[in-house]
Amino acid sequence: MDWKKKLDKILSKPPLANEPMSLHTSLRIGGPAEIFAVPQTHDELRNILQLACEHNLPLFVLGHGTNLLVKDEGIKGIVLSLHDLSSGCSFFDHRVRAGAAVSLSRLVREVAERSLKGLEFAAGIPGSLGGALYMNAGAYGSSIGELVREVVTLDYQGNFRVRTLEELDFSYRWSSFQSEKVIILEGVLELEQGKSSEIKARINEILENRWAKHPQLPSAGSVFRNPSGNIAGRLVEGAGCKGMKVGGAEVSPQHGNFIVNKGNASAADVLTLIDLVKQKVKDTYGLELELEIRVIGEKGSE
Ligand SMILES: Cc1cc2nc3c(=O)[nH]c(=O)nc-3n(C[C@H](O)[C@H](O)[C@H](O)COP(=O)(O)OP(=O)(O)OC[C@H]3O[C@@H](n4cnc5c(N)ncnc54)[C@H](O)[C@@H]3O)c2cc1C
């Protein structure tokens, strides 16, 4: 039996064939996923992993698609969404245990409602907890890795593992998950008791600041990592790239490190624009910018 028929039997929610990834990314760009699967139980998830192993199929774990540029050619194999599987959230002591699919915005809100402090920096960062842990998302001098106490993962052989602090490693927009093949299922964050009014005031301040600074058109957030001692957005601006366009993609005139989709941009437009910006920054400052967004898909870089 071919693998797609086997997959139909494994999943209680029918998988989608040729699902446009533009529907699942904040940039609103991306060719089709060969198969888009949304497992409903851990057993279904493990059966998918077994099938992928048997048939040597590529797997891609999608969070909320807010840090991704998916190529126009799409993604071969199976794109996995944990949307229906890891979406719970519970509190104990000063800790929160949350599923990978829980949005950071919900976590920020729920934590604040309990007067717990420490996660305010994440206000306004879109995406899921799983994506945030994988990327070590951060802002305003803090990042999520500092709060993590435990992460539950499932490796591609189907083994669950609870990782404690000592087994995890985070640095600037990097986590040890980026160098292994695992699915993040849930995480435990440790917070501190705070004052509700102060926590809410800080969140509002951050949200207002982000609203003023960030473009409102579709984007994937910061395109480039900040080189050591520098701010990528300032380098892009200093190299005269703000407002540069290729097709429907534009370096935001508002924020140099954002590339926005003006309506009909392709991944190829964005990639060409990225190359142009990198070259201009190199010519101006002699610095090689590195990508923060993840470029995935056929002929992709992952
Ligand atoms: C307007 C805007 C503002 C932003 N501001 C910030 C900011 O201030 N700071 C910041 O750090 N980022 C920012 N980002 C980028 C993005 O929101 C974060 O990187 C976010 O944490 C990505 O989460 P996601 O769920 O969307 O992940 P996705 O984009 O879906 O995936 C990102 C990577 O994580 C992997 N991944 C996702 N979930 C899992 C899982 N459960 N198990 C294993 N791997 C997984 C994916 O395979 C992929 O490689 C911004 C983005 C936008 C659009």
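Tutor: Here is a walk along the sheet, then to a helix, the ligand and a few single residues. The model is predicted, so local features need pLDDT of at least 70, side-chain atom pairs count only at pLDDT 80 or more, and totals for chains, interfaces and linings use all residues. Residues are numbered from 1 along each chain as its sequence is written.

Start with the sheet. It is open and has five strands, in the order β6-β7-β15-β11-β12, with antiparallel pairing. Strands here are DSSP runs of E with at least two residues, helices are runs of H or I with at least four, and both are numbered from the N terminus. Two strands pair if DSSP finds at least two bridges between them. At the edges stand β6 (89–92) and β12 (160–164). Each has a single partner strand, so one side of each is left without a neighbour in the sheet. On average, neighbouring strands of this sheet are turned by 20° against each other, direction ignored. That angle is taken between axes, which are lines fitted to C-alpha atoms (for helices over the stretch in contact); angles run from 0 to 180 degrees between N-to-C directions.

Now go strand by strand. β6 pairs with β7 (residues 95–99) in the antiparallel sense, over four bridges.

Move to helix α3 (residues 104–113). Its buried residues are Leu104, Leu107, Val108, Val111 and Ala112. Buried means that 20 or more other C-beta atoms lie within 10 Å of a residue's own; 12 or fewer means exposed, and anything in between is partly exposed, with C-beta atoms placed from the backbone. After α3 comes Ser115, with a positive phi near 55°.

β15 and α4 also belong to the picture of the ligand. There are 32 residues around the ligand, and Gly63, Gly127, Gly130, Gly131 and Gly221 come nearest. A residue counts as near if its C-beta atom, placed from the backbone, lies within 6 Å. The elements giving two or more residues to this shell are β3 (59–62), α4 (129–135), β9 (138–139) and β15 (182–190). α4 gives the most, with five residues.

Last, some single residues. Asn18 lies in strand β1 (residues 16–20). Its phi is near 50°, a positive value in a residue other than glycine. Asn18 counts as exposed because it has 11 C-beta neighbours inside 10 Å. Arg28 sits in the loop between β1 and β2 (32–37). Phi of Arg28 is also positive, near 60°. Arg28 is buried, because 20 other C-beta atoms lie within 10 Å. Ser171 is in strand β13 (residues 170–171). With 10 C-beta neighbours inside 10 Å, Ser171 is exposed. Ser171 and Met135 are 36 residues apart in sequence, and their C-alpha atoms are 9.4 Å apart in space.
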